[in-house]
Amino acid sequence: MPLIRLIDYSLTYPMFHGSARSLKKSLFKGVRNKVADRKSAGGSIVSNSDTTVVLALSQLTLSIESGERVGLIGHNGAGKSTLLRALAGIYESSLGVLHVEGDLHALLSPQAGMNTDLTGRENIRLYARYIGLSDSATVELEADVEAFAELGAFLDLPVRLYSSGMAIRLGFGLATAPRPEVLLMDEWFMAGDSHFQEKARERLTRLIEHVRILVITSHSLPILRQWCTRIIWMEGGRIRMDGPPDLVIDAYKAVNHG
Ligand SMILES: Nc1ncnc2c1ncn2[C@@H]1O[C@H](COP(=O)(O)OP(=O)(O)OP(=O)(O)O)[C@@H](O)[C@H]1O
């Protein structure tokens, strides 16, 4: 059965070494402000004589079981994207235990793994080869992504010539083609124009029906209420609240808009 476990998991980002004194001084004025006002953005800034780091995730202990669809909410900089990236296994230097079972796929950015000098169509074929599709499955994938992305003649032009919304259409179409057991999605998937968003939502709804564990970040609370069975509210790299969507979202709104 797919599952995710974190025990005492912490992750820091290095910021600068001890020599940048004036920057450090102004920073720590900011830290004092932050303690007084938990609505401010970002993780905790920790400094010693040699280095200054952002503590983006702080001693997280958490388990996600098969069948759960988890939404991550919180202010800008609360640690949501870092947690997703950590679950995707992209950080090497972290503390604590991270254990993920199951075939995992992460939709972290629209152009992840794409070669922008190649055309959209070439990228689709490259991806098909990368995930080991047969020739007939490659033709199916190409037709599916072409119909979804609606890029017309641009599908045969280099991706570097695409607007950001066009790149999202292609990246989204490709990234949502596999059917993983564990799916991690960052909120870029909600970008794009309204026509795209409608199509994207339909495609995601179909995809989500197949996955065993979903973890997504979004600032769109209605989407999270609709899709999730559990919400984790992050604050300053820690879990502030974890529970059923209505309970956590209502508490979050009460603090932030009340
Ligand atoms: N590459 C990086 N280098 C240094 N610090 C980083 C980096 N990425 C994130 N951080 C810091 O880590 C903390 C958590 O950031 P993260 O991107 O995980 O937040 P988030 O909750 O996803 O925010 P948002 O809602 O704005 O997307 C922030 O304080 C941020 O400044």
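Analyst: A residue is called buried here if 20 or more other C-beta atoms, placed from the backbone, lie within 10 Å of its own C-beta, exposed if 12 or fewer do, and partly exposed in between. By that count, the buried residues of helix H6 are Ala200, Leu204 and Leu207. Around the axis these residues cover an arc of only 60 degrees, which puts them on the same side of H6. The model is a predicted one, and what follows is a reading of its coordinates.

The face of H6 turned away from the buried side carries Ser194, His195, Glu198, Glu202, Thr205, Arg206 and Glu209, which are exposed. The partner on the buried side is H5, against which the buried residues of H6 pack. The length of H6 can be checked as well: at 1.5 Å a residue, its 17 residues should span 24 Å, and the end C-alpha atoms are 25 Å apart, which agrees.

In H4 (residues 135-149) the buried residues are Leu141, Val145, Phe148 and Ala149. Viewed down the axis of H4, they fall within an arc of 85 degrees, so they line one face of the helix. The cover over this face includes helix H3 (120-130), helix H5 (164-175) and helix H6 (194-210).

The opposite face of H4, turned away from its buried side, carries the exposed residues Asp135, Ser136, Ala143 and Ala147. The 15 residues of H4 should span 21 Å at 1.5 Å a residue; its end C-alpha atoms are 21 Å apart, which agrees. Just after H4, Glu150 takes a positive phi of about 50 degrees.

Most residues other than glycine have a negative phi. Asp8, in strand S1, has a positive phi near 50 degrees although it is not a glycine. Asp8 counts as exposed because 11 other C-beta atoms lie within 10 Å of its own. Gln59, in strand S3, is another residue other than glycine with a positive phi, of about 45 degrees. Gln59 has 15 C-beta neighbours inside 10 Å, so it counts as partly exposed.

Pro2 lies in the segment before strand S1 (3-17). With 19 C-beta neighbours inside 10 Å, Pro2 is classed as partly exposed. Leaving out residues up to four places away in sequence, Pro2 touches Ser66, Glu101, Gly102, Glu181, Val182, Arg212 and Ile213. Pro2 and Asp103 are 101 residues apart in sequence, while their C-alpha atoms are 7.8 Å apart.

For the chain as a whole, 73% of the contacts between residues at least 6 apart in sequence join residues at least 24 apart. The chain has eight helices and ten strands, and 33% of its 258 residues count as buried.

As for confidence, the predictor gives the complex an ipTM of 0.97 and a pTM of 0.83. The mean pLDDT of the chain is 85, with 88% of the residues scoring at least 70. The pLDDT is below 50 over residues 30-37, a stretch that has three contacts in the model beyond near neighbours in sequence.

Conventions
Residues numbered from 1 in each chain as written. Predicted model: local features only at pLDDT ≥ 70, side-chain atom pairs only at ≥ 80, totals over all residues. pLDDT = per-residue confidence, 0-100. Contact = placed C-beta atoms within 7 Å. Helix = DSSP H or I, 4+ residues; strand = E, 2+ residues; numbered from the N terminus. Expected span 1.5 Å × (residues − 1). Arc of directions from axis to C-beta.
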